[in-house]
Amino acid sequence: MDVSLLLPLADRIPAMTAPCRVHERLWPIGEESLAWARSHGLVLGEADSTRIGRGRFERLVCRILPDVAPARAVLLTEWLLWLFALDDTIDDGPIRRSATSVDALYEPLALTLRRGTARPGASTLETALADLWARTAPGMSQDWRRRFRDHLAWHRQGCLDEAVARRTGELPAPSRYPAVRRRLHGPFLLDLLEPALRTEVPDEVLGLRAWQILVDGTADVTAWSNDLVAYTPDAHSPLNHVAVTARQLDLPPRTAAAVLVHERIWARLEEVGHAARALGPELRRLRLDPLRARGVARVASALLAAPRAHLDWLHECGRYSPMPDPSVPSPRRKPRVTLT
Amino acid sequence: MTYRDAMSTSELQDRKLDRVFDQLDVNRDGVVDREDLAGLGARFLIGFGEPPTSAPGRALLEAFDQVWAALMSRLDLDAESRVTRDQFRRGMAEAFITGPDYEPVLRPVAQAVARICDADADGLIDPVAFRTMQTAYGTPEGDIVTAFGALDADGDGMVTVVELERAAREFYTGDDPAAGGNWLFGRI
């Protein structure tokens with residue numbers, strides 16, 4: 001479906017009325033991360049001829065993190081490239097309906113994180129992951145690393161759920177859908193905001209109800225927005241909010257079900273807004289030291305920027321639009337880009 | 001030639017600029033960079049539950065960006081540079097005390113801060129909003145009430161937006177030891 005279905009959110013939700021500030025090094029950040037992806041074999045050939053190459057993930061990262069040192073924006077962009085390369089490996093390959101095969105793909109990746117290095121002769125996904133981890137983990141505590149690995153394990157489970165759903169055609173009930181979809185959405189990505197912002201969110205903040213709504217709500221809004229834009233009757237993933245809603249409520253997907261999903265995104269954004277307003281007083285009660293309080297605020301601010309950043313990224317990236325005619329020269333990476 | 005030789009700022013002005021430097025340098029490593037300013041902006045916004053993608057949130061962050069740009073311009077540094085306390089004093093003084101940048105650069109910050117503190121746009125900032133603002137700036141708890149009293153010129157229990165903006169101007173540019181604006185962030 002068309003991303004224009006989501007654009008009214010930017011008018012209707014006060015928290016999304018202003019476009020994000022964009023990192024002034026957007027261009028080199030995109031170039032450097034693409035070069036890394038090529039060097040690891042995650043992007044092959046003409047970037048625009050692949051779904052991953054059309055992702056332009058730097059445009060998402062540079063909106064969420066407009067103030068960080070460029071190297072850290074590059075690193076987060078590379079993580080996104082890796083995650084989407086993994087997703088595409090599963091979605092586009094023969095293993096897409098086999099939970100056993102998906103699990104076999106994931107097992108060496110989980111081991112890579114535990115070992116810290118890739119095996120000799122490892123796959124491109126393994127070697128790329130080892131490189132990312134080696135540049136991300138130093139400086140982060142054992143607690144953070146454990147949380148990250150836990151969330152990677154959630155994603156693994158999400159991928160298994162998806163493979164089973166593809167094979168059996170069974171979809172989760174709408175009430176269970178948010179939690180199932182959240183696992184598939186790469187929950188570890190939000191953990192990566194902390195090393196990107198050179199901070200760690202302390203346990204007492206992670207346990208706050210407002211914080212949990214902020215994190216889960218941000219994941220839900222971006223995941224469901226993806227669902228809305230990516231939906232096709234023969235979609236890569238059956239774990240799609242539009243598909244689930246249409247099936248469960250017997251609604252036409254492109255009209256009534258899509259409208260319902262749109263309304264749910266809106267409602268979830270309002271919940272995130274309430275959580276944001278509750279967060280300030282809760283943080284003051286915790287009396288964090290200034291350095292920690294500032295780090296938490298930066299992570300929260302990045303989370304709150306994510307829905308609008310994601311909306312604008314969906315509008316600009318080519319991942320969810322039809323593949324272009326290869327005979328037409330690519331407009332990609334012309335030096336002049338217009339940013340909002 | 002030392003910084004004091006080169007600049008015509010008073011000791012009072014230096015103390016105020018040092019307070020601003022300390023607001024940014026929360027890790028106390030003796031230098032500040034753009035991320036420190038972004039961190040201050042984020043803490044302010046999150047204190048009020050304001051997202052960076054609302055109109056007031058974006059206005060505040062853009063105004064902060066302009067402050068950093070003005071400072072870097074005065075110091076002839078690029079945006080990713082780190083700045084020592086002496087450099088910070090010199091750049092801020094050149095931009096906002098002896099230079100002409102207060103009106104186009106710092107006043108919009110004061111206005112953006114006031115807009116968020118005055119959520120119902122009645123022109124008044126209540127003690128709760130004032131405390132939230134001061135907490136973001138790292139003002140010691142004991143100084144917040146004192147600062148509120150100093151800025152509440154008519155003693156009606158509210159600080160007006162006009163009073164806040166006047167105090168900001170006095171704090172960043174003024175040299176009058178008796179000015180109430182010196183108390184903007186508590187005792188200097």
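## A first look at chains A and B

Welcome to a predicted model, in which local features need pLDDT of at least 70, side-chain atom pairs count only at pLDDT 80 or more, and totals for chains, interfaces and linings use all residues. Residues are numbered from 1 along each chain as its sequence is written, chains are lettered from A in the order in which they are written, and side-chain values use heavy atoms, leaving out hydrogens and water.

**Loops and a helix in chain A**
- Asp250(A) is found in the loop between α13 (241-249) and α14; helices are DSSP runs of H or I with at least four residues, strands are runs of E with at least two, and both are numbered from the N terminus.
- Although Asp250(A) is not a glycine, its phi is positive, at about 55°.
- Arg287(A) lies in the loop between α14 and α15 (290-316), and this non-glycine residue has a positive phi of about 50°.
- Arg287(A) is exposed, with a relative accessible area of 67%.
- Helix α14 (residues 253-286) is the place of Leu260(A), which counts as partly exposed at 30% relative accessibility.
- Leaving aside residues up to four places away in sequence, Leu260(A) touches Thr245(A), Leu249(A) and Leu251(A), where contact means heavy atoms within 4.5 Å.

**Chain B as a whole**
- Chain B has nine helices and four strands, arranged along the sequence as α-α-β-α-α-β-α-α-β-α-α-β-α.
- Its radius of gyration, taken over C-alpha atoms, is 16 Å, which agrees with the value near 16 Å for a compact globule of 188 residues (2.2 Å times the number of residues to the power 0.38).
- The C-alpha trace of chain B spans about 50 × 40 × 30 Å along its principal axes.
- Of the 188 residues in chain B, 58% are buried.
- Among contacts in chain B with a separation of 6 or more, 62% come from residues 24 or more positions apart.

**Where the two chains meet**
- In chain B, 32 residues are in contact with 34 residues of chain A.
- About 2,700 Å² is buried between chain B and chain A, with carbon and sulfur atoms giving 55%; buried area is the accessible area (1.4 Å probe) that two parts lose on being put together, summed over both.
- Glu35(B), Ile46(B) and Thr53(B) supply 27% of the area that chain B buries against chain A, more than any other three residues.

How values were computed:
Buried means under 20% relative accessible area, exposed over 50%, partly exposed in between (1.4 Å probe, protein chains only).
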